[in-house]
Amino acid sequence: IVVVAFGGADFGQLLELLNSVYALSLLMEYAAFVKLRLYHKELQRPYRIPVPDWAAVVIVIPPVLGILVIFATSNWWVYYFCTGTVVFGILLFKLSDIFKRLGWVRYDDRSPRSHKYAKPPLADENDVTETTEVLSAGSPA
């Protein structure tokens, strides 16, 4: 549908549309970054930016302002397409939730410990000696 709708557009309009859709996804990533940083500090992450929480919010302000400028200078095709994309995504999310409650679909709900980036649980002081013994026993003498 999108290809047919924008089949008559010139290259500049298509480029503007693609940039705006990418900028929209970046806004969602930044929102997720800030929300996880502020409200879900206990989650395991493969890496963590070593700044305080307020600085994490400040880090995303300049790119968000740049993205808003991109949207402000866009044409009406971009507004309609981005709005339609967001509405379609919300609709799919709601339908997914309904289908999940009806039992029509099932998602793999793994615990955070089974995630491939999750760190192993911290060892007690007693476990350190056992680990050292296992490591030294497994190494060639």
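**Note on an all-helical predicted model**

1. In this chain, residues 24 or more positions apart account for 57% of the contacts with a separation of 6 or more. The model is a predicted one. Buried residues make up 13% of the 141 residues in the chain. The chain exposes about 11,600 Å², and carbon and sulfur atoms supply 68% of that area.

2. The chain contains five helices and zero strands. Along the sequence, the elements follow the pattern α-α-α-α-α.

3. Which residues of α2 are buried? They are Leu17, Ser20, Ala23, Leu24, Leu26, Val34 and Arg37. These buried residues pack against α3 and α4.

4. The largest nonpolar core has nine residues, namely Phe6, Leu17, Ala23, Leu24, Leu26, Ile67, Phe71, Val78 and Cys82. At least two residues of this core come from each of α2 (11-39), α3 (53-72) and α4 (76-102). The largest share, four residues, comes from α2. Val78, one of the core residues, touches Glu16, Leu17 and Ser20 when residues up to four places away in sequence are not counted.

5. The aromatic side chains deserve a separate point. There are three aromatic pairs in the model. In one of them, the ring centres of Trp76 and Tyr80 are 5.5 Å apart and the planes stand at 75°, so the pair is edge-to-face. The cut-off behind this label is a plane angle over 60 degrees. Trp76 and Tyr80 are four residues apart in helix α4, a separation of about one helical turn. An α-helix has 3.6 residues a turn, so residues three or four places apart point the same way. Ring pairs link Trp76, Trp77 and Tyr80 into a cluster. Is Tyr80 buried or exposed? With a relative accessibility of 58%, Tyr80 counts as exposed, because the cut-off for that class is over 50%.

6. The structure holds three salt bridges. Side chains of opposite charge can pair when their charged atoms come close. Arg37 is buried, with a relative accessible area of 5%. Asp53 is also buried, at 19%; the cut-off for this class is under 20%.

7. Asp53 also meets Lys41 in a salt bridge, with an N to O distance of 2.2 Å. This pair links distant parts of the chain, since Asp53 is in helix α3 and Lys41 is in the loop between α2 and α3, 12 residues apart. Lys41 is partly exposed, with a relative accessible area of 46%.

8. A further salt bridge joins the side chains of Asp97 and Arg101, at 3.3 Å from N to O. Both residues lie in helix α4, four residues apart, about one turn of the helix. Asp97 counts as partly exposed at 35% relative accessibility, whereas Arg101 counts as exposed at 63%. Elsewhere, salt bridges that share partners join Arg37, Lys41 and Asp53 into one network.

Note on methods: Residues are numbered from 1 along each chain as its sequence is written. This is a predicted model: local features need pLDDT of at least 70, side-chain atom pairs count only at pLDDT 80 or more; totals for chains, interfaces and linings use all residues. Side-chain values use heavy atoms; hydrogens and water are left out. A nonpolar core is a set of buried Ala, Val, Leu, Ile, Met, Phe, Trp, Tyr and Cys residues joined through side-chain atoms within 4.5 Å. Buried means under 20% relative accessible area, exposed over 50%, partly exposed in between (1.4 Å probe, protein chains only). Contact means heavy atoms within 4.5 Å. Accessible areas come from the Shrake-Rupley method with a 1.4 Å probe; for residues, only the protein chains shown count as cover. Rings of Phe, Tyr and Trp (its six-membered ring) pair if their centres lie within 6.5 Å; planes under 30 degrees apart count as stacked, over 60 as edge-to-face and the rest as tilted. A salt bridge is a side-chain nitrogen of Lys or Arg within 4 Å of a carboxyl oxygen of Asp or Glu.
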